[in-house]
Structure formats: C-alpha cells, structure tokens
Amino acid sequence: MADVTADLEAGTALEIGCGEGADAVWLAERGWRVTAVDLSPTAIRRARAVAAERGLSDRLSFVVGSGADAAPPGTFDLVSASFLHSWDEDFPRIPLLRAAADRVAGGGHLLVVSHAAAPPWSTGHGDGHTPRLLPPEEELRLLALDPDAWEHVLVETRRREVTDPDGRPATLEDGILLLRRRPERTQITDA
C-alpha cells in the first residue's frame, strides 16, 4: 500500500477492513483525512489508541461495521482494501469491493491489495478452509467495472520477501489493483 500510494496527492481516504489501522495511520501521517472501517470492535479500539498516541485523532475516524456502506455518505479520493479475505465461503468479497469502488470520487483511486497465491508454507490451500486466492487480472474481471469510467493504473502481481513461521526465507505474491475513476465530464449547453 505504501509503495503504491506514496506519490498520490493527499486528500480523503476510506479504508475497508482496516484491522488495527496500520495503513490508515500511515496515510494520516502523510496528510490524508482517513475513515477506516472494520468488523472487529477490538481492532477498532486498538486503532483508535494508536491514532491518539501519534496525535492523529483529528485526521482519522474509525468505524465498526462491514464494508463501504458503514462509512459516512460521500465519496473519497482514495478507497483501499488490503488483504480483505475470509475463510467463510459465503464472504461477499467482490460485492464488497464493488461497493468500495462506488465510493471513489471522480479522479480518485481504488486500491485493492490481495494475496495472489497461498504462502509456500501453507498446507491447507484448496481444502475448503482457506479463501480462494485470485490473480489481480481475475479480480479485475470479476469486479466488472465500466471500462469507460475506470483507468487501469496498475494490475500486477508483486513478489515480497518474508520470513516463514519456521524462520526461513520465503516469497509471497501480492496482487495489486490500482484503478483511477475518470473525472465525470460535464456537458456544456448553449443557453
């Protein structure tokens, strides 16, 4: 998220599935006004505490709820969802991401960062107990956003070096979708 958004002009942001608020805090420290949503009251309580410790409470608003609909009305310059996955087969990931896209202002960005493949140490992938992980191209296709309204800025898989649970080096694959909503055109009519 940091690599992809570092060059975007700060404005208003909405983060869906913020967890304990690391991304929201990072954005606020760089001048964004952030509304962050998560289902977990415990995660939101911890995120608020971190924001207060860093003196960012005036730039951050945390909301307990599900998806973009839990946020106050309006649009945002950046709407993001990072690693919004669930082991629940009925988890409505694509509808949640479509609803998030609806909250992007004209000229603003939608950022979706996801696991594009299971970690190499995972033994349960494909057993019905892990979420179905898709490459970003497939997620983009499933989102079915109007191509006349959206510009594809980044649609790629990035590799990230980590340490596995046993202390060995490993590589993870993250899917990156950065889409820009084209500004709405106003029609000029003769009076």
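**Close-up 1. Thr 5 sits in helix α1.** In this predicted model, helix α1 covers residues 2–5. Thr 5 counts as buried, with a relative accessibility of 1%. Leaving aside residues up to four places away in sequence, Thr 5 touches Trp 26, Leu 27, Leu 78 and Leu 111. Trp 26 and Leu 27 turn up again in the next view, among the buried residues of helix α2.

**Close-up 2. Helix α2 and what its buried residues pack against.** Helix α2 takes in residues 22–29, and its buried residues are Ala 24, Val 25, Trp 26, Leu 27 and Ala 28. So what do these buried residues pack against? Their partners are α1, β1 (12–16), β2, α3, β3 and β4 (76–82). After α2 comes Gly 31, which has a positive phi, near 100 degrees.

**Close-up 3. A right-handed β-α-β unit built from β2, helix α3 and β3.** Strand β2 runs over residues 33–38 and strand β3 over residues 60–64. Helix α3, the helical part of the unit, spans residues 41–53. In which sense do β2 and β3 pair, and over how many bridges? The pairing is parallel, with five bridges. To find your place in the pair, look for Val 34, which stands opposite Leu 60 in β3. As a reminder for looking at strands like these, side chains in a regular strand alternate between the two faces of the sheet.

**Close-up 4. Ala 100 in helix α4.** Is Ala 100 buried or exposed? Ala 100 counts as buried because its relative accessibility is 1%, and the cut-off for buried is under 20%. Not counting residues up to four places away in sequence, Ala 100 touches Ile 16, Ala 68, Val 79 and Leu 110. For another landmark, take Leu 78: its C-alpha lies 9.9 Å from that of Ala 100, and the two residues are 22 residues apart in sequence. Leu 78 also featured in the opening view, as one of the residues that Thr 5 touches.

**Close-up 5. Leu 97, also from helix α4.** The helix runs over residues 93–101. Leu 97 has 2% relative accessibility and so counts as buried. Which residues does Leu 97 touch, once those up to four places away in sequence are set aside? They are Ala 81, Leu 84, Val 112 and Leu 143. Val 112 is 15 residues from Leu 97 along the chain, with 8.1 Å between their C-alpha atoms.

**Close-up 6. Helix α4 packs with helix α5.** Helix α5 covers residues 136–143. The axes of α4 and α5 are 10 Å apart and the packing angle is about 70 degrees, which makes α4 roughly perpendicular to α5. On the α4 side, Arg 93, Ile 94, Leu 97 and Arg 98 make the contact. On the α5 side, look for Glu 139, Leu 142 and Leu 143.

**Overview. Zooming out to the whole protein, with five helices and seven strands.** Along the sequence, the elements follow the pattern α-β-α-β-α-β-β-α-β-α-β-β. The protein has 191 residues, and 42% of them count as buried. Of the contacts with a separation of 6 or more, 67% come from residues 24 or more positions apart. The accessible surface is about 10,700 Å², and carbon and sulfur atoms account for 48% of that area.

Note on methods
Residues numbered from 1 in each chain as written. Predicted model: local features only at pLDDT ≥ 70, side-chain atom pairs only at ≥ 80, totals over all residues. Heavy atoms only, no water. Helix = DSSP H or I, 4+ residues; strand = E, 2+ residues; numbered from the N terminus. Buried < 20%, exposed > 50% of the residue type's maximum accessible area, 1.4 Å probe, protein only. Contact = heavy atoms within 4.5 Å. Areas by Shrake-Rupley, 256 points an atom, 1.4 Å probe, with all protein chains shown as cover. Pairing = 2+ DSSP bridges. Right-handed = clockwise from strand over helix to strand, strands pointing away. Axes fitted to C-alpha atoms, helices over the stretch in contact; angles between N-to-C directions. Parallel < 35°, antiparallel > 145°, perpendicular 65-115°, else oblique.
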